[in-house]
Amino acid sequence: MGEGFYFFDILIFGMVAAFLVYRLRSVLGRRHGEERQRPNPFTPPPKAGQAPAPAESDNVVPLPDRGRPPEAPPPVETGPISLEEGVRQIRAADPNFNEKYFLQGAKAAFEMIVKAFADGDTATLRPLLADDVYDGFAEAIRKRQAAGETRETRITAFESIDLKEARLDGRHALVTIKFVTHQIDCTLNADGDVVDGDPDEAIEVVDIWTFSRNTRSTDPNWLLVETRVP
């Protein structure tokens with residue numbers, strides 16, 4: 001008798017459970033693969049004309065850009081640009097840039113650097129040169145001093161100072177100047193004898209120097225970043 005009541009109770013509980021399952025399914029509905037997915041807050045909306053991203057499985061929330069390479073940046077023009085365009089770019093980044101005043105400053109810097117190099121004055125050279133250029137100048141000075149030699153350089157005339165190139169590389173403005181000068185340049189040994197050059201005759205010297213400045217810096221000075229000859 002008691003065992004009969006036990007099975008009767010199980011039957012009642014089973015009917016109640018079946019009724020609850022039926023009610024839940026009627027309220028929540030069943031997933032059949034065609035219902036709209038909830039938007040993923042980590043996924044950017046598709047661009048105009050682009051198909052929406054395929055639906056992910058219910059328990060996967062992908063992180064943005066994880067597992068795929070980033071989009072390539074737009075191509076940057078690396079070919080040569082005109083001098084006018086380069087100056088325009090620099091002016092856009094630094095409205096205070098003026099070619100006339102820049103050439104005046106470049107001339108003064110040229111004279112200071114040439115004299116300081118001849119005198120072996122690294123203290124004057126340091127704030128005017130980029131690190132790698134300074135290292136080259138300082139090494140040449142050390143070798144000269146180790147050999148017991150001195151150098152005498154004097155600019156007798158500036159024939160021309162021309163703006164040759166200008167461009168903006170990121171935040172850095174780069175301006176290339178061609179200096180044509182007449183110089184007396186000679187090297188003396190420890191005894192004062194001339195071992196190179198002529199102390200009495202000026203020669204024409206052509207230098208092509210590139211100066212650079214961070215346009216976002218409050219420091220108005222330009223650094224010599226490259227020297228070359230034609």
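Which residues does R144 touch, not counting residues up to four places away in sequence?

Reply: Happy to! This is a predicted model, so local features need pLDDT of at least 70 and side-chain atom pairs count only at pLDDT 80 or more, while totals for chains, interfaces and linings use all residues. Residues are numbered from 1 along each chain as its sequence is written, and side-chain values use heavy atoms, with hydrogens and water left out.

R144 touches F117, A118, G120, E149, T150 and R151, leaving aside residues up to four places away in sequence; contact here means heavy atoms within 4.5 Å. R144 itself sits in helix 5, residues 131–146. Helices (H or I, at least four residues) and strands (E, at least two) are DSSP runs, numbered from the N terminus. With 10% relative accessibility, R144 counts as buried: buried means under 20% relative accessible area, exposed over 50%, and partly exposed in between (1.4 Å probe, protein chains only). The C-alpha atom of R144 is 9.9 Å from that of L188, although 44 residues separate the two along the chain.

L188 brings us to strand 2. Strand 2 (residues 172–188) pairs with strand 3 (residues 194–197) in the antiparallel sense over three bridges, where pairing requires that DSSP finds at least two bridges between two strands. C186 has G197 in strand 3 as its bridge partner. Five residues lie between the strands of this hairpin, and G192 takes a positive phi near 85 degrees there.

Now for the charges. A search of the whole structure finds nine salt bridges, each a side-chain nitrogen of Lys or Arg within 4 Å of a carboxyl oxygen of Asp or Glu. One of them joins E85 and R88 at 2.8 Å, N to O. These two are about one helical turn apart, because three residues separate them in helix 2 (residues 83–93). E85 is partly exposed at 26% relative accessibility, and R88 is partly exposed at 46%.

Another salt bridge links R126 and D131 (2.9 Å, N to O). R126 is partly exposed at 33% relative accessibility, whereas D131 counts as exposed at 54%.

E165 and R228 also meet in a salt bridge, at 3.7 Å, N to O. E165 lies in strand 1 (residues 150–169) and R228 in strand 5 (residues 223–228), so the pair ties together parts that are 63 residues apart in sequence. E226 joins E165 and R228 in a network of salt bridges.

Finally, a word on confidence. The mean pLDDT of the chain is 78, and 66% of its residues reach 70 or more; pLDDT is the predictor's confidence in each residue, from 0 to 100. Over residues 21–45 the pLDDT stays under 50, and the model has 12 contacts for them beyond four places in sequence. Residues 53–77 also have pLDDT below 50, with 11 contacts beyond near neighbours in sequence. Where pLDDT is low, the predicted coordinates should not be read in detail.
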